[in-house]
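Here is a short note for a colleague who is new to this structure. Please read the points with the model open beside you.

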Amino acid sequence: MVTLTLVLEGNPSVSWVIPNGISPRFGRDPVANDVILHDPTVSRSHARLESRGGDWFVIDGGSRKGTFVNGSRVEGEKSIRSGDVLEIGPYVLLLDLEAEALPQSIPGSAERTQRLELERCPRCGALALDFQNCMRCGAPLSSPN
């Protein structure tokens, strides 16, 4: 089971719980994708997640702008794990690959909000999750309060 949480302006916005056996596809095309991302920087068929032998992978669909995991561009495919940050165009998705089946996802819970505090890198504008340096360009992030 996979939970994807969309982060907007540093806050969790919506979560999707994806059952085992489904390889979600991401992109602009509402017919070809499971998660529709409406932005011109997102390709029609941008990327997909796939499970093989208990491991998960993100596969870039040949997008022009790229798919990023923890700030690094995906070349072809890349293995992923819980806690990884997936960026597709301007969208930031947090991955929970060990999610248990829940009757309903509660995206706005206080526990999840505290765990998912993000800040923007002052140099490149990438979003970072609880790191001292930007994972994309290496610039130092502000120190915790």
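1. **Start at Asp-60.** Asp-60 is buried, because its relative accessible area is 15% and the cut-off for buried is under 20%. Asp-60 is found in strand β6. This is a predicted model, so please read every value below as computed from that prediction.

2. **What surrounds Asp-60.** Leave out residues up to four places away in sequence, and Asp-60 touches His-46, Ala-47, Gly-66, Thr-67, Val-74 and Gly-76. Take Ala-47 from that list. Asp-60 and Ala-47 are 13 residues apart in sequence, yet their C-alpha atoms are 4.4 Å apart in space.

3. **Polar contacts of Asp-60.** With which side chains does the side chain of Asp-60 make polar contacts? One is the side chain of Ser-63, at 2.6 Å. Another is the side chain of Thr-67, at 2.5 Å.

4. **On to Ser-63.** Ser-63 sits in the loop between β6 (55-60) and β7 (67-69). Is Ser-63 buried or exposed? Ser-63 is buried, with a relative accessible area of 7%. Its side chain has a polar contact of 3.3 Å with the side chain of His-46. The side chain of Ser-63 also reaches the backbone nitrogen of Gly-66, at 3.2 Å. Beyond four places in sequence, Ser-63 touches Ser-43, His-46 and Arg-73.

5. **The chain as a whole.** Now step back. The protein chain has one helix and 13 strands. The chain has 145 residues, and 41% of them count as buried.

6. **The open sheet.** Six strands form an open sheet in the order β2-β1-β11-β10-β7-β8, with antiparallel pairing. Which strands stand at the edges? They are β2 (11-18) and β8; each has a single partner strand, so one side of each has no neighbour in the sheet. Look also at β10 and β11, which pair in the antiparallel sense over four bridges. Glu-87 stands opposite Val-92 in β11.

7. **A positive phi.** Check the loop between β7 and β8 (72-73), where Asn-70 has its place. Phi of Asn-70 is near 50 degrees. That is a positive value in a residue other than glycine.

8. **The nonpolar core.** In soluble globular proteins, nonpolar side chains tend to be buried together. Here the largest nonpolar core holds 21 residues. Which members touch the most others? They are Phe-26, Leu-49, Val-58, Ile-80, Leu-86 and Ile-88. At least two residues of this core come from each of β1 (2-8), β5 (47-52), β6, β10 (85-88) and β11 (91-96).

9. **Leu-49 in detail.** Leu-49 is one of those core members. Its contacts include Leu-4, Phe-26, Val-58, Ile-80, Leu-86 and Leu-95, with residues up to four places away in sequence not counted. Ser-23, Pro-24, Trp-56 and Phe-57 are also among the residues Leu-49 touches.

10. **Salt bridges.** Side chains of opposite charge can pair when their charged atoms come close. How many salt bridges does a search of the whole structure find? It finds three. Arg-48, Glu-50, Arg-52 and Glu-77 are linked in a network of them. Glu-50 pairs with Arg-48, with the closest N and O atoms 3.1 Å apart. Glu-50 also pairs with Arg-52, where that distance is 2.6 Å. Arg-52 pairs in turn with Glu-77, at 2.8 Å. Glu-77 lies in strand β9 (residues 77-80) and Arg-52 in strand β5, so this pair ties together parts that are 25 residues apart in sequence.

11. Glu-50 counts as buried, at 17% relative accessibility. Arg-48 counts as partly exposed, at 33%. Arg-52 is partly exposed, with a relative accessible area of 33%. Glu-77 is partly exposed as well, at 40%.

Key
Residues are numbered from 1 along each chain as its sequence is written. This is a predicted model: local features need pLDDT of at least 70, side-chain atom pairs count only at pLDDT 80 or more; totals for chains, interfaces and linings use all residues. Side-chain values use heavy atoms; hydrogens and water are left out. Buried means under 20% relative accessible area, exposed over 50%, partly exposed in between (1.4 Å probe, protein chains only). A polar contact is a pair of N or O atoms within 3.5 Å; within protein, one must be able to donate a hydrogen and the other to accept it, and residues adjacent in sequence count only if both atoms are side-chain atoms. Contact means heavy atoms within 4.5 Å. A nonpolar core is a set of buried Ala, Val, Leu, Ile, Met, Phe, Trp, Tyr and Cys residues joined through side-chain atoms within 4.5 Å. Two strands pair if DSSP finds at least two bridges between them. A salt bridge is a side-chain nitrogen of Lys or Arg within 4 Å of a carboxyl oxygen of Asp or Glu.
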